[in-house]
Amino acid sequence: MIRETNKKLKFTLSARHSPLVFPSRTYDLPESSPNPSATIQLRDATVRFPDGIDAVASVSLEIQPGERMAIVGPSGCGKTTLLRAIAGLQPLTYGTIERDQDESGFGSTSFVFQQPALLPWRRSLGNVMLPLELQNRNKLAGRQQPVDRAGRIEAAMKALGEVELTEAADLLPHQLSGGMRMRVSIARALVNQPNLLLLDEPFAALDDVLRMQLGDLVTRLWTTHGFTMVLVTHNIAEAIELCDRICVMHRGRVSVVLNNPVHTQHDFATKSADLRRMPRFGEFYGTVSDHLREVVRS
Ligand SMILES: Nc1ncnc2c1ncn2[C@@H]1O[C@H](COP(=O)(O)OP(=O)(O)OP(=O)(O)O)[C@@H](O)[C@H]1O
């Protein structure tokens, strides 16, 4: 069932553990989103590993439907652990993470990793169809309507079309370039119409030009699909290009959440390369770097 989505939403930040609070603002979300996007609410979310390290320490944060949140911070500050906790892959020691779900109770989340992790014996089409096959198994748990083979092929071809790889449907992963493999991985993430897309350093292994091209692709897909997005990255420029807010983490905690002034409603169609030329891009880049330098020093 598709619910009506609110086109204008107020973004708020629960700043209980954030020393710096920036005012919330109102966004115009993309016009057409086939799935209602997810709201994520973290309250005192804590992950303590057996060695006593709090990889995520009392994080309270609210991510609104259709919002794109970047998570940056020094190596080892807990970014990946936080993302895995949001995905439900990492249990919390303390606190809660709430996700709204669709009526079937499934609430689809897709994950894109730095390594595309394609099955080497499956062609692009077969790799992209995989989540739908797994989803069919979930029907045993009464969660989703099964999708027949024709439906799976149609959905996978549509997703491959969205990443401009229709012509590579019959190729095996070893016949694809690094950028193409990543696009197949993005198509696989899109095929079950996620309302939440989690990306962990997706373009870190790629060169700058590819990075920008794939970043523009993700923005275009977000404009069409309207999913909520959380991106872990070391790359400040990428965080600014792709996200509405930037969360700086340090030692498991949220140090600050910054509103991105570079993005406004009419920037959605602006290419990364053009965004980078804007004076406010450079200014904001400086602000984010200053915060990162500060947390590293403290
Ligand atoms: N399974 C685990 N068991 C024990 N400690 C872990 C485990 N996974 C991560 N850690 C520790 O938790 C802390 C946070 O790790 P995490 O991978 O979330 O950081 P990160 O910010 O994503 O790092 P990077 O930027 O280098 O990828 C680190 O000190 C790490 O050593």
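Trainee: How many bridges join strand β5 to strand β9, and do they run parallel or antiparallel?

Mentor: This is a predicted model, in which local features need pLDDT of at least 70, side-chain atom pairs count only at pLDDT 80 or more, and totals for chains, interfaces and linings use all residues. Residues are numbered from 1 along each chain as its sequence is written. Strands are DSSP runs (E, at least two residues), as helices are (H or I, at least four residues), and both are numbered from the N terminus; two strands pair if DSSP finds at least two bridges between them. Strand β5 covers residues 68-72 and strand β9 residues 228-232, and the two run parallel, joined by four bridges.

Trainee: Which residue is the bridge partner of Ile 71 in β9?

Mentor: Strands of a sheet pair through backbone hydrogen bonds, either parallel or antiparallel. For β5 and β9 the sense is parallel, and the partner of Ile 71 in β9 is Val 232.

Trainee: In what order do the six strands of the open sheet lie, and which are the edge strands?

Mentor: The six strands follow the order β7-β8-β9-β5-β10-β11, with mixed pairing. Neighbouring strands of this sheet are turned by 20° against each other on average, direction ignored, where axes are lines fitted to C-alpha atoms, for helices over the stretch in contact, and angles run from 0 to 180 degrees between N-to-C directions. Two strands pair on one side only, and these edge strands are β7 (109-112) and β11 (253-259).

Trainee: Why is β11 described as largely enclosed by the rest of the structure?

Mentor: A residue is buried if 20 or more other C-beta atoms lie within 10 Å of its own, exposed if 12 or fewer, and partly exposed in between, with C-beta atoms placed from the backbone. β11 pairs with β10 in the antiparallel sense over six bridges, and the partner of Arg 245 in β11 is Asn 259. The strand is largely enclosed because the buried residues of β11 number five of the seven.

Trainee: Which residue in the hairpin of β10 and β11 takes a positive phi?

Mentor: Most residues other than glycine have a negative phi, and most peptide bonds are trans. This hairpin has two residues between its strands, and the residue in question is partly exposed, with 16 other C-beta atoms within 10 Å. With a positive phi of about 45° although it is not a glycine, and placed in the loop between β10 (245-250) and β11, the residue is Arg 251.

Trainee: Which strands make up the three-stranded open sheet, and what is its pairing?

Mentor: The order is β4-β3-β6, with β4 (54-63) and β6 (94-99) as the edge strands, each pairing on one side only. Five bridges link β3 and β6, and the partner of Leu 42 in β6 is Ile 97. The pairing of this sheet is antiparallel.

Trainee: Is Asp 44 buried, partly exposed or exposed?

Mentor: Asp 44 is found in strand β3 (residues 40-48), and has a positive phi of about 50° although it is not a glycine. With 15 other C-beta atoms within 10 Å, Asp 44 is partly exposed.

Trainee: At what angle does α1 run to β4?

Mentor: In α1, the buried residues are Lys 79, Thr 81, Leu 82, Leu 83, Ala 85 and Ile 86, and just after this helix Gly 88 takes a positive phi of about 85°. The helix lies across β3, β4 and β6, with two residues in contact if their C-beta atoms, placed from the backbone, lie within 7 Å. The angle between α1 and β4 is about 55°.

Trainee: Which helix gives the most residues to the shell around the ligand?

Mentor: A residue is near a molecule or strand if its C-beta atom, placed from the backbone, lies within 6 Å of it. The residues around the ligand include Phe 49, Asp 51, Gly 78, Lys 79, Thr 80 and Thr 81. The helix that gives the most, with three residues, is α1 (residues 79-87).
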